[in-house]
Amino acid sequence: DGPFVWDENIQGVVLASYFYGYILTQVGGGWVAEKMSAKHVFGVGALLNVVCTMLTPVAAKGSYMIVIALRVLMGIGGGVTLPAMHVLVAKWAPPAERSKIASTVYAGMTLGTLVTMPFSGLLAAELGWESIFYVQGGLCLLWYILWLIFVFDSPAQHPRVSRAERQMIETSIGGGNANAPKPSVPWKSVWTSMPVWAIIVAHTCSNWGWYMLLVKLPTYMRYILKFDIKSNAGLSAVPFLCMWIFTMLFANLLDFLLSRNILTTTVARKIATSVASMPPAVCLLLVTYVGCNTELAVVLLTLGTMFVGGMYSGFLANHIDIAPPFAGTLMGITNTFATIPGILVPSIVGFITHNNQTVEAWRLIFIITFVIFSIGFLFYAIFGSGELQEWAKPKTEDKNNGEHRLLEKNESNKA
């Protein structure tokens, strides 16, 4: 319906190309953010996205290959953002408020989707599709200026944080000397840790469903539920509004239960991850069996999207629980694996639905999604943990403990 003759396969490659770059900078971005400045790693990555976004309309009029190249660059910039943000959250979020703070921060992505979907539809309908990239790119430039002014890497570097608040945060998370050497990543321990692999599997499987909803939900609503562009933009935003509200309420509930010692961190993370996995899986499967009942289909899609919000209090906050000093690197590792669905989903959906936009084709897609969600849920339920891992504890603490044990042994021998 637009100015470009791009079939489903080309559209799938264009959408997936972002993740070709995104997958490259995850681990490196997390490592650099830990060693240097998470604030500036995040900011520069976001700025690269802004510049490429504003160049996209011109590139699209040249060739879809140029758009693919731009989206790869956008992915390279975007790849450092989640690991860098995890470093910031690890330095700012006390354990008792970790679910709430992590969910508030990461639910901003949902809030962005909520705002931009109807806003993009309105801009496209009133000012042309190019205005989406120029207007939103300009707004993001304004955001970048505010980011530079108001964000700091740690409480110790923030000029407007009171001494009492700084001490409370640093004491609760075990913050030490900000100028102390950064610990080296214990790579062998990381790769042989089952809690790490539990996050990897849960993150990867959840992202399959998340990208399905984020990237392909508007397509499904348009071709199967038969909504026009204005209705599609507005109705596509409703599930993300519900998701954002649910994320905030659910995170606060979990932190309340944790503060009252009703739940352990491990149980809380597993509950949140299960909520983010199985209800969405069931809703997506059921939506292809409701026939012409579009109202029920919208309700199921809304519920499915809403429950995905549990991931922010589940496995996505779990890196900070098990290894705070390496939260950025761990996020980079798990998000590298979790980027694979971003590459596969658009291409696979495009392949299955090419000249075949039918309920049966989408049912196959959602059955695959149900199975993948289920695998992630089961693996995390078995191997997930919310406990600080031995290999992530400060070496000075281990040394002091060893000396203390040796002293006790010597005293017992003397006795």
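Which residues in H7 are buried? Let's start there, and please keep in mind that this is a predicted model.

Helix H7 covers residues 130–150. Its buried residues are Glu 130, Ser 131, Ile 132, Gln 136, Gly 137, Tyr 144 and Trp 147. And what do they pack against? Their partners are helix H3 (38–62), helix H5 (81–92) and H6.

Now let's look across at H6, which takes in residues 98–127. Is Ser 120 buried or exposed? Its relative accessibility is 17%, and because buried means under 20%, Ser 120 counts as buried. Leaving aside residues up to four places away in sequence, Ser 120 touches Ile 132 and Gln 136.

Let's move on to empty space. Rolling a probe the size of a water molecule over the atoms shows where such space is left. How many cavities of 30 Å³ or more does the count give? The count comes to one, and the largest cavity has a volume of about 40 Å³.

Around that largest cavity you'll find Met 212, Leu 213, Lys 216, Leu 217, Tyr 220, Leu 284, Leu 301, Trp 362 and Phe 366. Two elements each give two or more residues to this lining: helix H10 (194–223) and helix H17 (359–383). H10 provides the largest share, five residues. By class, the lining has eight nonpolar residues, one charged and no polar.

Technical notes:
Residues numbered from 1 in each chain as written. Predicted model: local features only at pLDDT ≥ 70, side-chain atom pairs only at ≥ 80, totals over all residues. Heavy atoms only, no water. Helix = DSSP H or I, 4+ residues; strand = E, 2+ residues; numbered from the N terminus. Buried < 20%, exposed > 50% of the residue type's maximum accessible area, 1.4 Å probe, protein only. Contact = heavy atoms within 4.5 Å. 1 Å grid on protein atoms, 1.4 Å probe; cavity = no way out; pocket = protein on both sides within 12 Å on 5 of 7 lines; lining within 4 Å. Points joined across faces, edges and corners; volume = space filled by probe spheres on them. Nonpolar A, V, L, I, M, F, W, Y, C, P; charged D, E, K, R; others polar. Expected span 1.5 Å × (residues − 1).
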